[in-house]
Every structure is written in C-alpha cells, then in structure tokens.
Amino acid sequence: MTDLILHHFDQSPFSEKVRLVLGLKRLSWRSVKVPVRLPKPDVVALTGGYRRTPFLQIGADIYCDTALMCRVIDRLAPEPPLYPPAATGMQHVLAQWADSALFWAAVPYTLQPAGFPHAFGEVSPDELKALAADRAAMTAGLRRATLADATAQLTSYLGWLESMLGGGQAFLLGGAPCIADVAVAHSLWFIRLAPPVAGVLAPFGKLAAWYDRVTAFGHGREAPLGSGDAIAIAASAGGHAPAEVEPGLGFEAGAQVTVAATDYATDPVAGALVGLSTGEVVLERRDERAGTVHVHFPRIGFQIKKAS
C-alpha cells in the first residue's frame, strides 16, 4: 500500500476522527503537522487552498473532508470494516448528524472563555487572539450557537446518545464499531481538551464507558514527515487514482470549475474536472512544487461551479 499521509494538528477534532480510524484499522501512517491557522503555504501547494484540517495524501492524490477520507481508508484496508452491514444506513445518518449538529454544539460550548485557552494547548495571549480571528474568518456567515443555546443543545444530544447505549451493546449501533462511533467520539474528545468545561459529560456514565472503548482503538503507528517531503512525494508520484466524469451530472470532463464547502471554510479550490460521480468530485491542478495533483472532495457538503 502506498503510504497514507495525514496532514493534521494535535488539537483538531476532525483529525482525531481520522486518527481513531487509523487506530481501528491498525495502520501505519505518516504524520505531517500543519499550522493551526493561516498562512499555510505548503497546504496550499497540495490542496489549492482548502482551508479545513485534516486532509489525506496518497502520492499525488489529496483527499479533503473526513467523510471521504474515511471511505478511502476503509477501501484500502477493509478489515475490520468501518461500515459494517449490520449498522445499515443508520450509521451514515448518525455520522452526518455528529459531524454537523453535534460538532456545532460542542465547538461553541468548548470555546467559551473558560475553555478556549485549553482547546489549543499552551499558546500566548497574542496567539489566542490570532486564532480567534482566523476561526471567525473561517465561519463568516455561519450562524453559530450562543453559549446558552450550545449548552442546551449539547445536553440534549448527550442524553440521546446515552439512551442509545441503554441496551448494553458495546457501540452505538451494536456489538461492533462503525463510522458513527468515531464521528461522535471526536466532538466529545474536543470537549475533554478543556477540563474547566468538560463537566457537562459527567452525568452520562454509559457514554463515558463507550468513549473509553472507542479511544482504546488508539491511533495506529505514526511516523513524522516534513511538509516539504510530502510535497516532494506528490511531485514524484507519477500517477493518480483512477477517476472519470460520469455523464448526466451537469459537467463535462476537463471543464474548469471551482469546488467549495457549503457551510464554513468556503474558500474555493479551482482546477480541471477529471472525476465526478454522485459520491465524489476530483479536480486536477498544477503546482510548481507539488506538480500535478488530483484533489478529491465528497459530493455531499460541497458545491461545484463553472469557473468564471
């Protein structure tokens, strides 16, 4: 298997989601630590400006958004399955809810004044201000919950999850873990980064025991890699994962398009369309350092437009 290269930073909740998947699969992977905020020149070289963390690199193919990244990892390492058939379509519905509604209750709750300094580790007051400004720019136009609303929402959500474990099963949808477990776990992990506000989790004992089972997956076998080395790997890869533009989906192969998230961090990535299906979109772009890269996005949560 070509090396899996995860570009992430330690305090990123969505990075923790992927790290747990790598642990569940017992995989070896290369770890590139990216800056927590802009500027990110090496990230731009590979992604064309994708703003979110993490992203996954396999040679000269760059996979954005954890929903897609998890599918790719499962395809390359199918055992144990991340999408067990017994969990049915409910696992996808629950994972999407966790990555959106649960996440957007957990984030404003955790980043209240008592929690914010803990969520990003030991940084200076000036860096905290810069981080706050960076995240405000990422979420411009997104209506975030107030602290009071986030607290109420989070408390309800935790109660729902606790009730799902009332039957004594080990994981949310049965006896085996699935994508829903890691999707829920990363928001709880983020709250736990901030001990002054993590007491909201205390009343939910079944959920705490479940969380311990999920985090016991670990992170697999991580080996550090410099960002410049990752760029060099892309430049020398010499090929890409197969991709095609399926007919009837509104775009022609080779069209110059942009792809952007529809909720936050909506910075568009431009390129030539080389792959399109109901599940994925792939752009080809050229960078003077990384060479020709293919940047992959999931179809859900992203919008394609013809370049102006």
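**Helix packing in a predicted model**

Student: Which residues of H1 and H8 meet each other?

Tutor: In this predicted model, the contact brings together two helices, H1 and H8. On the H8 side it is made by Ile179, Val182, Ala183, Ala185, His186, Trp189 and Phe190, and these meet, in H1, Pro13, Phe14, Glu16, Lys17, Arg19, Leu20 and Val21.

Student: By class, how many residues of the contact of H1 with H8 are nonpolar?

Tutor: Sorted by class, the contact of H1 with H8 has three charged residues and one polar residue. The nonpolar residues in this contact number 10.

Student: Are H1 and H8 roughly parallel or oblique to each other?

Tutor: The axes of H1, residues 13–24, and H8, residues 179–192, come within 8 Å and cross at roughly 135°. Angles over 145 degrees would count as roughly antiparallel, and the crossing of H1 and H8 is at roughly 135°. The two helices, H1 and H8, are therefore oblique.

Student: How are H8 and H9 oriented to each other, oblique or roughly perpendicular?

Tutor: H9 spans residues 205–215, and its axis and that of H8 come within 10 Å, crossing at roughly 105°. An angle from 65 to 115 degrees counts as roughly perpendicular. H8 and H9 are therefore roughly perpendicular.

Student: Why do the buried residues of H10 line one face of the helix?

Tutor: The buried residues of H10, which covers residues 227–235, are Ala230, Ile231 and Ala234. In an α-helix, residues three or four places apart point the same way, because there are 3.6 residues a turn. Seen down the axis of H10, its buried residues line one face because they fall within an arc of 100°.

Technical notes
Residues are numbered from 1 along each chain as its sequence is written. This is a predicted model: local features need pLDDT of at least 70, side-chain atom pairs count only at pLDDT 80 or more; totals for chains, interfaces and linings use all residues. Side-chain values use heavy atoms; hydrogens and water are left out. Buried means under 20% relative accessible area, exposed over 50%, partly exposed in between (1.4 Å probe, protein chains only). Helices (H or I, at least four residues) and strands (E, at least two) are DSSP runs, numbered from the N terminus. The arc is that of the directions from the helix axis to the C-beta atoms. Axes are lines fitted to C-alpha atoms, for helices over the stretch in contact, and angles run from 0 to 180 degrees between N-to-C directions. Angles under 35 degrees count as roughly parallel, over 145 as roughly antiparallel, 65 to 115 as roughly perpendicular and the rest as oblique. Contact means heavy atoms within 4.5 Å. Ala, Val, Leu, Ile, Met, Phe, Trp, Tyr, Cys and Pro count as nonpolar, Asp, Glu, Lys and Arg as charged, and the others, Gly among them, as polar.
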